[in-house]
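User: I would like to learn how to read a structural model, one feature at a time. Please take me through this one.

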Amino acid sequence: MGFREIFFIALLMLEPLAHADTLADVMDPSTYIPRSDATLNIALVDYGQEHTHEDLLRIKTLLEKRFFQATDSMIKLNVAITTNIPYRSLISSHPEYQLPNITDPARLQRLWYYDFVNENIMQEIYDVVKTSLSIGPSLAGLDAVATITGAQFDGLGFADGRIAVTESPREIAWALPDGGTTEIVSDGSVVDELIHEIGHTLFLGHTSTQCQKPGMTYEETKLCCAASDARDDVMSYCRDRKKVNDTDFFFGFKDCQLRNIKNLVIPAMLSGGGWMIQNREICN
Ligand SMILES: [Zn+2]
């Protein structure tokens, strides 16, 4: 390796420092903002105004409480901003959009998002939040944006970079001849999904992935989950979401994932280190 190559590698290594980015610049800032204690600062957004501000404040209280307990009291979640933001695209501007057996404009609004935006919802939310008066000016100081939205997509929740989203309410089986139903999601279930997605915004992956291999039968998955140490981790698809309630039962991070949080995530948060934590323990 000659001098030129060494010089070039040195330049590449310097680059993350030279381009310290925040959530105000990109959806996936490459480093944490340094801090003196392990507090995670987020905004909680109702995108689409399907909930009242009182709903949002109630969810905030439960989310803060359960996230702290979920991390074995290691990370304090501070919901610094709660805000209700209207959809950017309104069904009233799309009178041509129709679905058989569905006439309720509120349902058509949610399903329009399924057909025309779907998983791009995270980019849309990021763009909208950036220019919103309630969050935009504070975005550079936040670690993540957690969102509940009536906009429908494939899956119950998603995270991309530091933007997390879960559906509430949920449209069920709308293509059936009876038009299906709208499911109101309980606070406990919304919070369960948000803890999972905020976990992704900490660069934590799924646990028990050995039980989700393509081609596995329902029986095989069930047996695999029963034998998985991490089956009840909030990042596991093995967890029985139906057990979650609003009063006392919820899923948290289990031993293996708690070690990733303690040994990798929190040190990165405190030092302003890299967001894409390296050498995560695989939690089976
Ligand atoms: Zn996930």
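User: What pLDDT does the protein average?

Analyst: pLDDT is the predictor's confidence in each residue, from 0 to 100. The protein averages 94, and 93% of the residues score at least 70. Residues 1–12 are below 50, and that stretch has one contact in the model beyond near neighbours in sequence; a contact means that two C-beta atoms, placed from the backbone, lie within 7 Å. Residues 14–18 are also below 50, with two such contacts. Where pLDDT is low, the predicted coordinates should not be read in detail.

User: How many helices and strands are there?

Analyst: Helices (H or I, at least four residues) and strands (E, at least two) are DSSP runs, numbered from the N terminus. The protein has seven helices and seven strands. Their order from the N terminus is α-β-α-β-α-α-β-β-β-β-β-α-α-α.

User: What does the radius of gyration say about the overall form?

Analyst: That radius is taken over C-alpha atoms, and the globule rule is 2.2 Å times the number of residues to the power 0.38. For 284 residues the rule gives a value near 19 Å for a compact globule, and the 20 Å of the protein agrees with this. The C-alpha trace spans about 70 × 45 × 40 Å along its principal axes. Of the contacts between residues at least 6 apart in sequence, 68% join residues at least 24 apart.

User: Which residues touch the most other members of the largest nonpolar core?

Analyst: In soluble globular proteins, nonpolar side chains tend to be buried together. A residue is buried if 20 or more other C-beta atoms, placed from the backbone, lie within 10 Å of its own, exposed if 12 or fewer, and partly exposed in between. A nonpolar core is a set of buried Ala, Val, Leu, Ile, Met, Phe, Trp, Tyr and Cys residues joined through C-beta atoms within 7 Å. Here the largest one has 54 residues, and I42 and V145 touch the most other members. Strand β1 (residues 39–47) gives the largest share, six residues. Beyond four places in sequence, the contacts of I42 include L77, V79, A80, L142 and V145.

User: How many residues of α5 are buried?

Analyst: Of its 15 residues, 14 are buried, so α5 is mostly covered. The helix (residues 187–201) reaches 21 Å from first C-alpha to last, close to the 21 Å expected at 1.5 Å a residue; the expected span is 1.5 Å times one less than the number of residues.

User: Where does α7 bend?

Analyst: A bend is the angle between axes fitted to the seven residues ending at a residue and the seven starting there. α7 bends by about 35 degrees at I261. I261 is among the buried residues of this helix, as are L264 and V265.

User: Is F203 buried or exposed?

Analyst: F203 counts as buried because it has 20 C-beta neighbours inside 10 Å. F203 lies in the loop between α5 and α6 (218–226) and has a positive phi of about 65 degrees although it is not a glycine. N279 is another non-glycine with a positive phi, about 60 degrees, but it counts as exposed, with 7 C-beta neighbours inside 10 Å.

User: Which residues does the cis peptide bond join?

Analyst: The bond joins S168 and P169, with omega about 0 degrees. P169 sits in the loop between β5 (163–167) and β6 (170–172).

How values were computed: Residues numbered from 1 in each chain as written. Predicted model: local features only at pLDDT ≥ 70, side-chain atom pairs only at ≥ 80, totals over all residues.
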